[in-house]
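Hi,

Here is the structure I promised to pass on.

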Amino acid sequence: MAPKPPKIKGLFTENDQATFFSISVQPWHNIIQDNLVTSNCFVLVVSCYKMQKGAEHEFLQFDISSPDKVHTCIVIAERGGGFRGRHRDCSDAMQPANTIAPVDTMTEAATLPDAMMPLLSSLDVAEDPTKSQMGAHDLVSYATLGSRASAELGCKCEKATYICTLTFSEKDRLSATQIATLLYVTSKHEPTYSITNTQCYWFIKTMFDALKSLFMSTQEDIMNFPMKPRSAVEVCDKYRVAWAALAEEGEQKRRAEQWQEEERWQEREQHQAAEEAARIEHEKHQAAEEQHQAAEEQHQAAEEQCQAAEEEKMKAVRGHGQQRMQMRGYCEIWRH
């Protein structure tokens with residue numbers, strides 16, 4: 001039986017989980033940031049794929065290891081056109097994959113709740129000019145590698161064409177927390193889906209180039225990645241600001257926890273000192289009582305000795321009186 005994967009929400013699923021989970025980038029970012037364990041889950045490989053049959057669509061796959069390096073999860077990030085009008089974040093509820101229409105589906109988005117809207121591909125937008133400018137739906141899907149859910153998620157990559165890969169070294173590692181931050185910054189940088197500019201290709205290429213700029217020791221295996229969006233530089237700058245703010249927030253939390261721990265330690269020390277003082281006072285009181293009891297016993301012994309001496313004296317006096325009376329009796333007899 002395969003060992004159970006770690007219970008890390010947003011990354012790993014149970015082995016018997018039938019379907020992978022999908023969630024919008026912002027709530028996924030919040031889930032990852034709120035769990036300190038994710039900072040010890042490191043990215044092994046980032047791969048870029050392109051679907052060319054039917055609807056053209058690009059997406060990224062992240063292979064992320066567990067803290068103990070026993071398990072690996074698959075995280076897929078992608079962009080689609082979610083809905084017309086202003087960009088708004090979808091529900092933070094994680095949805096099983098079988099509730100979300102495939103990326104190349106022609107299902108009408110209006111018939112589904114916000115959290116379950118299908119991603120609209122370039123083909124969808126091209127066939128409907130009214131969808132050329134809409135709010136982007138940036139989505140993350142994940143499953144534990146080797147689980148039932150990963151088999152379903154892996155079909156997405158099998159149907160796509162491999163483009164390129166980034167491999168990270170041990171000395172310049174990328175954590176799940178950093179990936180969540182970069183995805184969030186990229187999504188917020190251009191929240192609108194545009195068929196000509198900020199489509200799925202822009203999203204994953206900006207992410208890919210930002211990763212190469214931020215982590216210089218990565219090894220790139222390029223197959224075919226021609227265009228280079230200018231947004232990568234701006235996203236890198238925003239990422240550095242966001243990561244610095246996150247690091248400062250983490251440092252403040254660490255200091256607060258350290259201060260609370262020091263307070264608890266001082267309270268424990270004070271409590272132990274008070275208990276020690278009470279113990280010493282109790283021992284002193286007990287010693288005083290024992291001394292008092294010993295003095296009482298000595299006094300009682302002295303009284304008993306005195307009483308015994310008095311009794312001996314009375315016996316001696318009585319004995320002396322009896323002797324005198326006997327002598328008087330003898331004298332009287334002698335006189336007669």
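By a salt bridge I mean a side-chain nitrogen of Lys or Arg within 4 Å of a carboxyl oxygen of Asp or Glu. This is a predicted model, in which local features need pLDDT of at least 70 and side-chain atom pairs count only at pLDDT 80 or more, while totals for chains, interfaces and linings use all residues. Residues are numbered from 1 along each chain as its sequence is written, and side-chain values use heavy atoms, with hydrogens and water left out.

The whole structure holds nine salt bridges. One of them joins Lys205 to Asp209, at 2.6 Å from N to O. These two residues are about one helical turn apart, because they sit four residues from each other in helix α5 (residues 200-214); helices (H or I, at least four residues) and strands (E, at least two) are DSSP runs, numbered from the N terminus. Lys205 and Asp209 are both buried, meaning under 20% relative accessible area, with exposed over 50% and partly exposed in between (1.4 Å probe, protein chains only).

Another salt bridge pairs Lys156 with Glu78, with 3.3 Å between the closest N and O atoms. It links distant parts of the chain, 78 residues apart: Lys156 is in helix α3 (residues 148-158) and Glu78 in strand β4 (residues 72-84). Both residues are buried.

In helix α6 (residues 231-335), Arg264 and Glu261 lie three residues apart and form a salt bridge of 2.9 Å, N to O. Arg264 is partly exposed, because its relative accessibility is 39%.

Best wishes
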